[in-house]
Amino acid sequence: MQYAGRIRQTNIYVGKLFRIFANEKQWKGFISATIITALIASVTGKNMFTEYSATRNGTFALICACIWIGIFNSIQSVCSERGIIKREHRSGLHMTSYVTAHMVFEFFQSAVDAALVTLVTVFIFGSNMRDADGFKNVNYLLFYVTFFLIIYASDVLGMMISCIVKTPETAMTVMPFVLIIQLVMCGFIFELKGKAAVIGKITISKWGMNALGTIANINKMKPAEPAPTAAQEDYVKALQARFLADKYHADYNPAHFHVYKMWLILIIFIMIYMGVSILFLEFIDRDRR
């Protein structure tokens, strides 16, 4: 490694990561991703992609799955070999090469995971996506790219955490807190105001939810209709209340440029996580363990 350039080092580490992937049968993670997505999709209800509330809840559940899959892919990937990294850094390893190699490998993992999530989603809800108003010409590629960016951003976030902490045990301790922030602070479960709203803007889940909601054209979906009661007047009032509750969301602006904006934000997150990862690894020699 001492005399190898950055590109050569990157290629060496990419090859190493793929050999580990094959030798340790890490492809089994793809099976887990498929099962998780199938389980979540199967309980979202038959009105997914046809009814407003069901689709919002369902897309949020899918985003939760994507974030979990991405973070779990890489949360221990760096800290588990911290001692090796320190020795090789002293021998001439460039941290930009090391992190870039991981970015390439995680790109591959995320691309496959996103394909599986998309296939499962289309398999279970394909008829709803094709038949509902606004879905006759649905572009499944938009769903795939969004799933990929959510998973990849979460994956690189997990890698960043793995670069910051020193042990796999610490990484797994931190992981639940990161997941809670991503899922609670996105603004879907609770209305966020003040500082909480600012925190929400740096979550992957918020922008992923906005992108998926826009692609699914949620704002044009019908609200769930309550079952008729004995008194028709009560039924009408309940229906009106449902319409008021399920109001238009500017976050799901049905325009392609809005989706591209959400994608750009997720890409910026990825680049920031990568930069922070390199920064922390550059100081690995100060680790006196």
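How exposed is Lys16, buried or partly exposed? Lys16 is partly exposed, since its relative accessible area is 22%; here buried means under 20%, exposed over 50%, and partly exposed in between, with a 1.4 Å probe and protein chains only.

Before going on, a note on the model. It is predicted, so local features need pLDDT of at least 70 and side-chain atom pairs count only at pLDDT 80 or more, while totals for chains, interfaces and linings use all residues. Residues are numbered from 1 along each chain as its sequence is written, and side-chain values use heavy atoms, with hydrogens and water left out.

Back to Lys16. Its side chain meets that of Glu81 in a salt bridge, 3.5 Å from N to O; the term means a side-chain nitrogen of Lys or Arg within 4 Å of a carboxyl oxygen of Asp or Glu. Lys16 sits in helix 1 (residues 6-23) and Glu81 in the loop between helix 3 (52-74) and helix 4 (82-90), so the pair ties together parts 65 residues apart in sequence. Helices are DSSP runs of H or I, at least four residues, numbered from the N terminus. Glu81 is buried, at 12%. The structure holds one salt bridge.

Next, Ser277. This residue lies in helix 11 (residues 256-282) and counts as buried, at 0% relative accessibility. Leaving aside residues up to four places away in sequence, Ser277 touches Val99, Met159, Met160 and Cys163, where contact means heavy atoms within 4.5 Å.

Key. Helix = DSSP H or I, 4+ residues; strand = E, 2+ residues; numbered from the N terminus.
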